[in-house]
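This report describes the architecture of a chain and its contact with a partner, beginning with the pairing of strands.

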Amino acid sequence: MDIRVQTAPFDLGAEANAFAARQSGMGAVVTFSGIVRDLGGDLQAMEIEHYPGMTEAALSGIAEQAATRWQIGDALILHRHGRLTPDEMIMMVATSARHRQDAFQAAEFLMDYLKSRAPFWKKEVTVAGAAWVAARDADEDALSRW
Amino acid sequence: MDVLYFAWVRERIGHPKDRIDTPPATVMDLVNDLRAREDRYAAAFADISALRVAVDQELADFDAPLSGVREVAFFPPMTGG
C-alpha cells in the first residue's frame with residue numbers, strides 16, 4: 001500500500017506507470033484521478049485543508065479494508081492539500097488485481113470512503129469570496145452500497 | 001489534552017488549537033464547556049449535527065469518554081476526493 005499526502009503536484013502518467021511496474025502477476029490496473037472543477041466559471045482556487053496524522057491513518061485504514069474485501073494486489077492513494085487552481089489534479093487512486101472486477105470495485109470503494117471518511121476539507125475561492133464546500137448527502141449515501 | 005479545530009470550525013473560533021488541563025468526562029461535556037467560554041465558541045458549536053468529532057485521530061461519537069485521551073478534534077463533514 002502506498003499512501004501519500006502532499007502539496008506538490010504529481011504526474012498521473014508517471015505514477016500509473018510506476019505503480020503498474022511494481023505489480024507482479026496482476027492482470028488489471030485501475031486508476032482514477034480527481035481534478036479541480038470550475039463549475040461556475042469564476043473559481044480562482046481550491047484550498048484543501050487536512051488533519052495531519054489522522055489523514056494518513058484514515059487513508060491506510062480505508063486501503064486495508066479494501067484489501068480484505070477484494071482480491072487486490074496493491075493500492076495507491078495520493079491526495080494533495082494546499083492551494084490548487086482549476087484543472088490541477090487533486091488526487092488519484094490506483095488498484096491492481098488479477099481480474100478487473102476486483103480492481104474496479106476496490107478503486108470505487110476507496111473513492112467513496114475517502115470522500116466522506118478521510119479528514120480533508122475543500123474551500124472554493126472566487127472573486128466574490130471564499131466558501132467551504134458542503135458535504136453532499138449523496139456522498140454519505142454512497143457508502144451504504146458497500 | 002489538545003483540542004483541535006479544522007475548516008470553518010477553526011475559522012469561527014479564530015485559532016486552530018486549545019489546551020485543556022483537566023478533560024471533562026465525555027466529548028459532549030467538552031462541547032458544553034467550550035460553548036460556555038465565549039460567543040465565538042457558542043457559535044461554532046451551536047449545531048453539533050453539523051459537526052464531526054475525532055478522538056485520538058479516530059472518528060467518534062459525541063458521547064465518547066475522554067479519560068486518557070490525548071487529542072480531540074472538531075470539524076465539519078469531510079469533503080475529500
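Two strands are said to pair when DSSP finds at least two bridges between them. The structure shown here is a predicted model, and in its chain A strand S3 (residues 43-50) and strand S7 (residues 120-126) are joined by 7 bridges and run antiparallel. One of the positions involved is A:Met46, whose bridge partner in S7(A) is A:Glu124.

These two strands belong to an open sheet of 4 strands in chain A, which are ordered S5-S3-S7-S8 with antiparallel pairing. Because strand S5 (82-84) and strand S8 (129-132) of chain A each have a single partner strand, they form the edges, and one side of each is left without a neighbour in the sheet. From one strand to the next, the twist averages 25°.

Chain A as a whole contains 4 helices and 8 strands, and from the N terminus on its elements follow the order β-α-β-β-α-β-β-β-α-β-β-α. Its overall dimensions and packing are collected below.

| Property of chain A | Value |
|---|---|
| Box filled by the C-alpha atoms, along the principal axes | roughly 50 × 35 × 30 Å |
| Radius of gyration | 16 Å |
| Residues that count as buried, of 146 residues | 33% |
| Contacts joining residues at least 24 apart, among those between residues at least 6 apart in sequence | 77% |

The radius of gyration agrees with what a compact globule of 146 residues would have, namely a value near 15 Å.

Helix H3 (residues 100-117) of chain A comprises 18 residues and spans 25 Å from its first C-alpha to its last, which is close to the 26 Å expected at 1.5 Å a residue.

Turning to the partner, 13 residues of chain B are in contact with 21 residues of chain A. On the side of chain B that touches chain A, the elements that give two or more residues are helix H1 (7-13) and strand S5 (71-75) of chain B.

How values were computed: Residues are numbered from 1 along each chain as its sequence is written. Chains are lettered from A and ligands numbered from 1 in the order in which they are written. This is a predicted model: local features need pLDDT of at least 70, side-chain atom pairs count only at pLDDT 80 or more; totals for chains, interfaces and linings use all residues. Two residues are in contact if their C-beta atoms, placed from the backbone, lie within 7 Å. The expected span of a helix is 1.5 Å times one less than its number of residues. The radius of gyration is taken over C-alpha atoms; the globule rule is 2.2 Å times the number of residues to the power 0.38. A residue is buried if 20 or more other C-beta atoms lie within 10 Å of its own, exposed if 12 or fewer, and partly exposed in between; C-beta atoms are placed from the backbone. Axes are lines fitted to C-alpha atoms, for helices over the stretch in contact, and angles run from 0 to 180 degrees between N-to-C directions.
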